[in-house]
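Visitor: I have not looked at this one before. Can you take me through a few parts of it?
Guide: Fine. Here it is.

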Amino acid sequence: MSEIKVPFFKPSFSDEEKNAVCQVIESGWLTTGKVTHEFEEEFADYVGAMHALAVNSNTSGMILAMEACGVRAGKAVITTPYTFVSTAASAVHLGGDVFFADIEKDSYSIDPKKIEEILKRDKEHKVCAIVPVHVAGNLCDMKEICSLAKKYSTPDNKIYVIEDAAHSFPSPTQSGYAGTLGDIGVFSFYATKTMTTGEGGMIVTNNEALAKRMSQMRLHGMSRDAWDRYTNPKASWEYDIIAPGFKSNLPDILSAIGRVQLKKALSFDQKRKAIVKSYNEAFKKLDFVILPPDGEGNSWHLYLLHLDSTKLSCDRNTFAKELQSLGIGISMHFIAIFNFTYWKEKYPDFRPENFPNADEHSKNTITLPLFPDMTQEQAELVIDAVKSVGEKYHVR
């Protein structure tokens with residue numbers, strides 16, 4: 001196996017994160033407590049949301065968000081096949097169904113026109129949530145998606161918009177930050193994200209009722225969390241269970257890392273965009289590359305190299321393996337969900353031919369290295385490798 005010259009991703013940590021974790025350890029309180037509550041307040045303030053709830057993963061956050069919005073047996077969500085499987089699986093865990101809408105031809109974003117086609121067919125009013133995914137940090141058409149949710153809501157069936165914002169922080173727009181543009185936004189702090197706690201996530205909302213439901217369901221359906229029960233001198237052992245909730249809370253050790261990373265978010269953003277600028281300048285001259293979409297608020301979590309298959313004599317997988325042989329760490333975002341056995345068996349019509357844009361993008365996209373501490377020299381190694389492989393397989 002070739003030596004890795006440029007890793008796919010490397011988290012950016014310093015003594016600040018280490019010291020923050022040590023302070024939590026020394027405090028004697030390790031689980032969800034004061035530090036997590038401070039992290040929630042700081043994150044809410046950052047994105048301009050009324051409520052922020054720290055969770056142990058984006059997936060847990062999506063389940064909590066969907067449950068609060070009424071996803072259950074007999075109900076459904078609309079989302080994209082071009083996402084990580086957890087987006088759709090969250091609905092299934094709650095007993096709900098998933099209706100898939102293809103992505104736009106020239107982007108990785110869910111197509112509002114396809115969303116409306118599903119809503120027009122939904123005579124039983126099964127759809128209670130639309131879940132757009134801001135793939136790679138480039139935002140979906142939230143104005144149109146929110147308009148559709150409002151248009152097709154009824155007095156008996158409100159349609160919520162839950163943003164899968166796992167890739168989109170920080171993503172400011174004139175209308176607000178990604179995650180605050182719908183009813184609920186769910187972020188990810190997984191190891192490779194724009195800021196990380198190792199594992200973790202955050203839910204944001206401006207809806208008081210939704211926030212209360214998700215807060216209670218986050219920890220076994222308890223009416224009070226552990227920090228309140230153990231630090232409140234008044235009847236600290238008493239609590240109620242209002243529903244069979246989940247175990248989705250984020251501990252203070254991870255929140256301590258998150259608070260430090262949050263302060264560095266803008267710096268991380270600027271460093272990633274400097275690398276993106278180098279990539280774009282180099283790749284716009286190559287006819288076998290289609291540059292990634294770049295709309296308002298793009299956080300550039302990932303750099304998606306879209307190959308023009310008409311200009312190459314090899315497929316995407318061969319191109320990717322050639323990059324790896326040159327020491328370049330790569331990944332794939334995403335293997336479209338209709339390629340997986342479970343989903344093909346669950347929904348017989350869920351086939352690539354019914355989602356041509358997602359299928360084409362999934363077959364021809366490679367994710368290149370992009371991280372805050374990436375050097376210009378490393379970026380040049382990636383650029384040279386792409387050019388070299390492209391030249392080898394270029395169709396004359």
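Visitor: Is the crossing of H3 and H4 left-handed or right-handed?
Guide: The crossing of H3 and H4 is right-handed. Bear in mind that this is a predicted model.

Visitor: At what angle do H3 and H4 pack?
Guide: Helix H3 (residues 58-68) and helix H4 (residues 86-93) pack at about 45°, and their axes are 9 Å apart. That angle makes H3 oblique to H4.

Visitor: Which residues meet there?
Guide: From H3, Thr59, Met62, Ile63 and Met66. They meet Ser86, Thr87, Ser90, Ala91 and His93 in H4. By class, the contact has four nonpolar residues, five polar ones and no charged ones.

Visitor: How many residues of H4 are buried?
Guide: Six of the eight residues in H4 are buried, so H4 is mostly covered. The buried residues are Ser86, Thr87, Ala88, Ala89, Ser90 and Ala91.

Visitor: And what covers them?
Guide: The cover includes H3, along with strand S2 (76-79), strand S3 (97-100), strand S5 (160-164) and helix H12 (341-346).

Visitor: New topic: sheets. What is the strand order in the open sheet of three strands?
Guide: The order is S10-S11-S12, and the pairing is antiparallel. Strand S10 (289-290) and strand S12 (365-368) are at the edges; each has a single partner strand, so one side of each has no neighbour in the sheet.

Visitor: How many bridges join S10 to S11?
Guide: Two bridges join S10 to strand S11 (residues 303-307), and the two strands run antiparallel. Val289 has Leu307 in S11 as its bridge partner.

Visitor: Which helix packs on the sheet, touching S11 and S12?
Guide: Helix H11 (residues 316-325) does, and its direction makes about 20° with that of S12. Helix H13 (residues 356-364) lies across S11 and S12, and runs at about 100° to S11.

Visitor: Something else now. Where is Lys143?
Guide: Lys143 is in helix H6 (residues 142-152).

Visitor: Does Lys143 count as buried or exposed, and why?
Guide: Lys143 counts as exposed because its relative accessibility is 74%, and the cut-off for exposed is over 50%.

Visitor: What separates Lys143 from Lys273, in sequence and in space?
Guide: Lys143 and Lys273 are 130 residues apart in sequence, and their C-alpha atoms are 25 Å apart in space.

Definitions and conventions. Residues are numbered from 1 along each chain as its sequence is written. This is a predicted model: local features need pLDDT of at least 70, side-chain atom pairs count only at pLDDT 80 or more; totals for chains, interfaces and linings use all residues. Side-chain values use heavy atoms; hydrogens and water are left out. Axes are lines fitted to C-alpha atoms, for helices over the stretch in contact, and angles run from 0 to 180 degrees between N-to-C directions. Helices (H or I, at least four residues) and strands (E, at least two) are DSSP runs, numbered from the N terminus. Angles under 35 degrees count as roughly parallel, over 145 as roughly antiparallel, 65 to 115 as roughly perpendicular and the rest as oblique. A crossing is left-handed if the near helix is turned anticlockwise from the far one by less than a right angle, and right-handed if clockwise. Contact means heavy atoms within 4.5 Å. Ala, Val, Leu, Ile, Met, Phe, Trp, Tyr, Cys and Pro count as nonpolar, Asp, Glu, Lys and Arg as charged, and the others, Gly among them, as polar. Buried means under 20% relative accessible area, exposed over 50%, partly exposed in between (1.4 Å probe, protein chains only). Two strands pair if DSSP finds at least two bridges between them.
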